[in-house]
Amino acid sequence: MTLSLILQALFAGVTNGIVYALVGMGLSAIFKGSRVINAMQGEFAVIGAMTTVLLLTRTGWPYAAAIAGGAVAGALVGAFIEVAFVRYMAKKNASEDSFLLLTIGLALTLSASVLFFIGRDGHLLPPLGGAGVLIILDAVIQFHALWLIAIGIGATLALRAFYHRTTIGLSMMAASIDADGAATTGINVSRMRTYTFVLGGLLGALGGILVTPLIGVDYQLGLNLTLKGFAAAVLGGLTNPLGAAVGGLTLGLVESLAIIGISSSYKDVVAFSVLIVIMILMPQGILGRAGRRGG
Amino acid sequence: MSLSSFIARLAGATALVGLSALSVQAQTSGEPVKIGAIVSATGAGAGLGVPERNGLLLAEKDINAKGGIKGRPIKFIVEDDASNPDTALSKANDLIFGQKVQALLGPSLTASTVAVGGVTHANKIPQIAFTGIGPAVERERKCVAHVLPPQRLNATALLEYAKSIKATKVGVLHDAGYGNVVMAELKPLADKYGVKLVAIEKFEIGATDTTTQAAKVKASQPDAVFIIATSATPFRNVKQIQITQPVIAAIGSSSYEYVNAMGPAADNIVIPEFVVGEDPLPHQKDFVELYKKTYNSTPKNYEAAAWDAAHIIAAALNKAGADATGEKLCEAMKAPYTGVLASYNFSADDMTGIPISSFIFSKLVGGKYTRTPFRVAQ
Amino acid sequence: MVEPLLALREVGHSFGGLSVLRSVTFDVPEGGIIGLIGPNGSGKTTLFNIVTGYIRPLAGTVTYRGAALERDTIQQRGLQGLVRTFQTPQVFEQMTVLENVMVGCTKLTRTTMLQDLLRTPAARGQMREIRERAEAACERFRLGALRDLPAASLTAGQRRLLEIARAVVGEPRLLLLDEPSSGLNVQEIDDLRDWIVRLNEEGITILLVSHDMGLMTVARTVHTLYFGEIIASGDMAAIQRDPRVREVYLGV
Amino acid sequence: MNPRTLLWLAIGLVVWAVLPFVVPRYMADLLVFTGIYTVAGLGIGLLLGHCGIVNLAQATFYGLGAYASAYCTVMMGLPSIVGFLVGAAISMVLAYVIGRPILRLTGYFLALGTLALSAIASALFFEWDWLTGGTLGIGGIPKLDLFGFLLDRPSRYYFFVWIVAFACMAVARNLVDSRTGLMLRAMRDSSTAAAALSIDLQALRTKVFVVCALFGSLAGSLFAHHASFVSTQSFTVDRSISFLLIPVIGGATSIPGIVVGALFVTFLPELLSKLGDIHQILFGLALVAVVVLMPEGLVGAFGKLRARLAKRGSGHG
């Protein structure tokens, strides 16, 4: 149990934690704005990353433009899902379970479509800040991971500012807290819900693009990211996207420490057990502030 | 795989349909000899199933072009089990009882093979699986042959190479599926080759990050690192945390998809396998050329294994009679056969009979496969 | 002095520092009808929720049939005969009126899950008993005609009657009514008053919480709660003459 | 039971009895799977339909039942019935021990809790390969023989599986019509009112969760003796998802609807797979279509359709 091993575990934990946080933030943003648990949040990541890969390799766009293209793709798919399915079901005031099943169905469909149209290969994206690494006490962290952490924190602060300072952000929050109340003040609630899905899609795609240089993207990545994103969002109290950032980091660190502390094969067992315990003992998630329905 | 290879895939598929139709008229006529095949074309095993299907359909064209089975065309009915043993079981029932196939090739994954083996064994349908022999129950199934080496042979090949580069301390990074199976055979054999397993780290299937496990392997200062997995993640993580010792990978990681997914990490990795398309052995040349001409991509082990299985069953049918099945076809199938992948002897106790000397040791250099001269003496 | 059925001693409670109840003490004698009136925000509902087990008081004790009710859950209090109704009647909307009342009877019977799964004679027998008791109750509360209608289609008065029928069929000893007259028309309030008297005569002790002075005449003793304290107790006539109550209520 | 439904029941019984001999063998094989999925789906239907609980952990109990049967018969050579009982016992105890804390959660959190449970169990099935055989699984599970009559072909095993399925449906019907069923419906309608009438919500939910686990384990043991092979790939999270779909598609509160849901989940992938690699996409789209267009499930939609037709019919009269 050398120091460098612990440091390496911390680096891996924080890097993974930021990825889980980005997926988790998208998940709680969508839940906060529409009461829908989005089981296809991981597919947004796959779509965003695959679009960026195709733009980069096919059309030769510069990397930054390809990233923007990927993020926009995630946002567009989010908007399409809301307009085509969620809005119709909301009008027929479908139960929460059926929304969960809708997103499970969409996740199956999208993952199978990526396999069929783009194939079963894994793809990589060039790392941000070059392929160099930072070595501290023999523990290694890639420049890209540092960029990922910085962008992750930046995205969290931007989201906070968006919700509290921009008019759209405020009305989205109002619509999510009390739809009828918001409607009376002239907020177009259903358009706010579309923006919520756009935001969720954007965050998901961004997460996917940022993680691809580290872990690569293929058609199967979606479900795994969604599960970890769920855990992060739930640890953060589910209705608080910023809580998801803390939740994601916690989950990443718990996993890494479980690997060096217990054994690498029990990582998932430990991570999901911690999730269940926290859900039971701390119904409002780690931050304990944001209200949560039921439980 | 980018858009271009998608178009190639589509072109390849249509080309094949055209080709197989063409070949049927040219040299053979009459009632086709129906042979069933199950592969994992979708789901987690797609990396094995699709190459196997390509190899099978190419073999069908080749066999029919050379006169088929005593003048009659051979027809492979290929079903997809979506990497799921339950589906494989239903497909097997359909092929055997519905379509009345005379023999069965595949499936791609061990779990499906054991499930289907129960049906073929009970109904005396000869089967050639695209997997290495697995749990003990398969040893009693005398008519279920395997065209890929048993995991014990894979483990031996890894240890032979480690011994050849004098690596006495070896660290292992393996997944909970394929990795578990090979490790179960490797652990008891290690000390026979003077190899001490200084670190054994496992990660779950579909893991997106194994850096911490890789760090634990690095901390044990091994002379070499074994990676036994069906994903590119461990290879990237090993290079990311600056492990400079040589990496020796099991055959399961040998597909071009994994090499693409490894990116720059696909360097200084030795893999005991059978087919290096870039530098094929003399008896593999025409298979590699035909494959490249048809699919304009380079074949690997799973394409060759399916190709061999198809030819073995064709040879057995030619010997035992076009309508032979059951015991008669099973006996004919057991004659020793030198295929593209390796030479087989299905009457051996591991139902494969691939000699250790058939292994060739490829080395990834800058993302490209090269063939090393190292071979294991028999 | 015979022991009271329910006794509150210095019950106090506050929400986040805001004191809602300041040492409330009073008794509910067996067989009596006790009223508790007070304007909105006087702490009536909090007191009601403390007695029925939804809130645990920060100070003071509540004893029922001589035993303190510290850790008893809502369900356990119900089994001991302490049953409540809700300000807005909570009926089972998608179930019929008869089924609603049948649910009230489930506490009287004791089939195990296994008996229900195997539909043993005991289980079938108890289902018959539950159905018969419920049918009798529907007739008694003049809900017989509405028996097979879903509860969702009932008027406010009928819902209140159904809620009381459902509570009574479980043979309670103490019935707590929370603003029972809210949402009822004059005729329905009269029926309600008759029912309260009749049920009391049959031996059910009643604690009536309301701000409806008209309904309160049915109570022998009425306590007036104001800002968490009892400012006056006595029969309805005495309460109406009490200067502090007049000042609070009539602002005179 | 009026004569009309009696007639329908008789016809149904005849069709059921003749079916395995008429259809091709692989179809009979699928009908056996439909029976097994009906048993597992019944448990989920009780939880979803009567307690409003989304249970994504059924594959865990399905796996426990299958591994118990495999381990008892292959490793320890005990008679098959022991596997059924051991599996059921372990599943029920585990469901009770884990159910009590997890069932304090509600709504999404409970659904996610069961999903986490499924992921943990899946990891442990891989990890404890000394018990489950890991990826290789356990092969050579003997076929059931009922008092000397070997059930080795789907057409024979079909009758045994469906008789067990009908028995489970009867048991579920008993539960729904019983005192417990009444309390369940009350709890689902308004849990506040139910609590005020002394219904112990927590104990009730846990009991139904245990019954659901029993059905899951039973289905697992039936699967083990049918496939004669069990491996971790059969007990993954997506298996739990397909179990959850059964009551959703069939209509959560209708017990016959479970059979319709089981048919959908077994036959649709089979029919679609004839269309090549695109079949997984079509299955996903079919699921989305059912959830969006028929929120109350196929049976519900069918019921509504019949009602509308009846109204139009009587409208003219």
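Lys142(B) lies in the loop between strand 4 (127-129) and strand 5 (144-146) of chain B, where helices (H or I, at least four residues) and strands (E, at least two) are DSSP runs numbered from the N terminus. At 44% relative accessibility, Lys142(B) counts as partly exposed; buried means under 20% relative accessible area, exposed over 50%, and partly exposed in between (1.4 Å probe, protein chains only). The model is a predicted one, in which local features need pLDDT of at least 70 and side-chain atom pairs count only at pLDDT 80 or more, while totals for chains, interfaces and linings use all residues. Residues are numbered from 1 along each chain as its sequence is written, chains are lettered from A and ligands numbered from 1 in the order in which they are written, and side-chain values use heavy atoms, with hydrogens and water left out.

Lys142(B) also belongs to a positive surface patch, together with Arg139(B), Arg152(B) and Lys192(B). Patches are made of residues with over 30% relative accessible area and no salt bridge, with like charges joined within 9 Å and nonpolar side chains (Val, Leu, Ile, Met, Phe, Trp, Tyr) joined within 5 Å. Lys and Arg count as positive and Asp and Glu as negative, while His and the chain ends are not counted. The place of a charge is taken as NZ of Lys, CZ of Arg, CG of Asp or CD of Glu. Accessible areas come from the Shrake-Rupley method with a 1.4 Å probe, and for residues only the protein chains shown count as cover.

Chain A carries a patch of the nonpolar kind, about 630 Å² in area, made by Leu3(A), Leu134(A), Ile136(A), Leu137(A), Phe143(A), Leu146(A) and Trp147(A). Strand 1 (133-136) and helix 5 (143-165) of chain A are the elements that give two or more residues to this patch. Helix 5 of chain A gives the most, with three residues. Leu134(A) is found in strand 1 of chain A and, at 35% relative accessibility, counts as partly exposed.

Next come the charged pairs. Side chains of opposite charge can pair when their charged atoms come close. A salt bridge is a side-chain nitrogen of Lys or Arg within 4 Å of a carboxyl oxygen of Asp or Glu, and a search of the whole structure finds 29 of them over all chains. One of these joins Glu270(D) and Lys91(B), at 3.6 Å from N to O. The pair crosses between chains, from helix 12 (residues 255-273) of chain D, which holds Glu270(D), to helix 3 (residues 85-98) of chain B, which holds Lys91(B). Glu270(D) counts as buried, at 7% relative accessibility, and Lys91(B) counts as buried at 2%.

Within chain B, Arg371(B) forms a salt bridge with Asp279(B), the closest N and O atoms being 3.3 Å apart. Arg371(B) is in strand 14 (residues 368-371) and Asp279(B) is in the loop between strand 10 (269-273) and helix 10 (285-295), so the pair ties together parts of chain B that are 92 residues apart in sequence. Arg371(B) is partly exposed, at 28% relative accessibility, and Asp279(B) is partly exposed at 32%. In chain C, the side chains of Glu93(C) and Arg159(C) meet at 3.0 Å, N to O.

Just after helix 1 of chain C, Gly53(C) takes a positive phi of about 95°.

Finally, the chains can be viewed together, with contact meaning heavy atoms within 4.5 Å. Among the four pairs of chains that touch, chains A and D have the most contacts. Ala111(D), placed in helix 5 (residues 107-127) of chain D, touches Leu100(A), Val54(D) and Leu56(D), not counting residues up to four places away in sequence. Ala111(D) counts as buried, at 4% relative accessibility. By contrast, chains A and C do not touch, their nearest C-alpha atoms being 15 Å apart. Chains B and C do not touch either, and their nearest C-alpha atoms are 31 Å apart.
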